[in-house]
Amino acid sequence: MFDDRTDERPEPATLNDPAPAEPWTKIWDDVHIQKTTAYCEKAHAHRPVLFCFWCRSILKGGHNISKAEAHLAKKKGNDIRPCPALIPSDYARLYSQIYKAKQASKAATTTRRARKRRAEQELIDNHNLAVV
Ligand SMILES: [Zn+2]
């Protein structure tokens, strides 16, 4: 779409943006964050990047949905800087909801895995007891 060598830049988002018509649940449904490519001088090639229309920044690190969500929800510690732009509250609330939902589902997955591991270990323990 555009790269560092051209002046071609998407129109920045403004605070006059209407609130999201339908609350989306996937960050890629939002027009304010877009998957694109940028020319990388080191690699002499185009690399996948994200473009944030709020802060008008190119975000390196590929088309990573978790990073996109963390950036928009302004959360630190996700290997991407939080969005420095002033985001209207309707959007900020949505980004925060999406981010929290992802964290909750991650926690649930971890719990499920831990439970499975415990069950497997019990089977092994029982087997060992039977053998002895
Ligand atoms: Zn941003």
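This is a predicted model: local features need pLDDT of at least 70, side-chain atom pairs count only at pLDDT 80 or more; totals for chains, interfaces and linings use all residues.
Trainee: Where is the place of D79 in the chain?

Mentor: D79 lies in the loop between α1 and α2. Its phi is positive, near 70 degrees, and D79 is a residue other than glycine.

Trainee: What follows α1, and what is its phi?

Mentor: K74 follows α1, with a positive phi near 60 degrees.

Trainee: Let's step back. How many helices and strands does the protein chain have?

Mentor: There are two helices and three strands.

Trainee: What is the average pLDDT of the protein chain?

Mentor: The average is 85, and 81% of the residues score at least 70.

Trainee: How many bridges pair β1 and β2?

Mentor: Eight bridges pair β1 and β2, in the antiparallel sense. Toward one end of that pairing, I33 stands opposite C52 in β2. C40 has A45, also in β2, as its bridge partner.

Trainee: How many residues are between the strands in that hairpin of β1 and β2?

Mentor: Four residues are between them, and in this hairpin H44 takes a positive phi near 50 degrees.

Trainee: And how many bridges join β2 to β3?

Mentor: Three bridges join β2 to β3, and the two strands run antiparallel. L50 stands opposite L59 in β3, while C52 has S57 in β3 as its bridge partner. So C52 faces I33 as well as pairing with S57, because bridges are what DSSP finds between strands that pair.

Trainee: Which residue takes a positive phi in the hairpin of β2 and β3?

Mentor: R56 does, near 55 degrees, in a hairpin with four residues between the strands. R56 is not a glycine, and its place is in the loop between β2 and β3.

Trainee: Why does R56 count as partly exposed?

Mentor: R56 has 13 C-beta neighbours inside 10 Å. A residue counts as exposed at 12 or fewer and buried at 20 or more, so R56 falls in between.

Trainee: New topic: the inside. What percentage of the protein chain counts as buried?

Mentor: Of its 132 residues, 17% count as buried. In α1, the residues A68, E69, A70, H71 and L72 are buried.

Trainee: Which residues in the largest nonpolar core touch the most other members?

Mentor: They are I33, L50, C52, L72 and Y95, in a core of 19 residues. The elements giving two or more residues to this core are β2 (45-52), α1 (65-72) and α2 (89-131). In soluble globular proteins, nonpolar side chains tend to be buried together.

Trainee: Take L72. What is L72 in contact with, leaving aside its neighbours within four places in sequence?

Mentor: L72 is in contact with I27, I33, C83 and Y95. I33 and Y95 are also among the core residues touching the most other members.

Trainee: One last number. What percentage of the contacts with a separation of 6 or more comes from residues 24 or more positions apart?

Mentor: Those residues account for 43% of such contacts in the protein chain.

Methods
Residues are numbered from 1 along each chain as its sequence is written. A nonpolar core is a set of buried Ala, Val, Leu, Ile, Met, Phe, Trp, Tyr and Cys residues joined through C-beta atoms within 7 Å. Two residues are in contact if their C-beta atoms, placed from the backbone, lie within 7 Å. pLDDT is the predictor's confidence in each residue, from 0 to 100.
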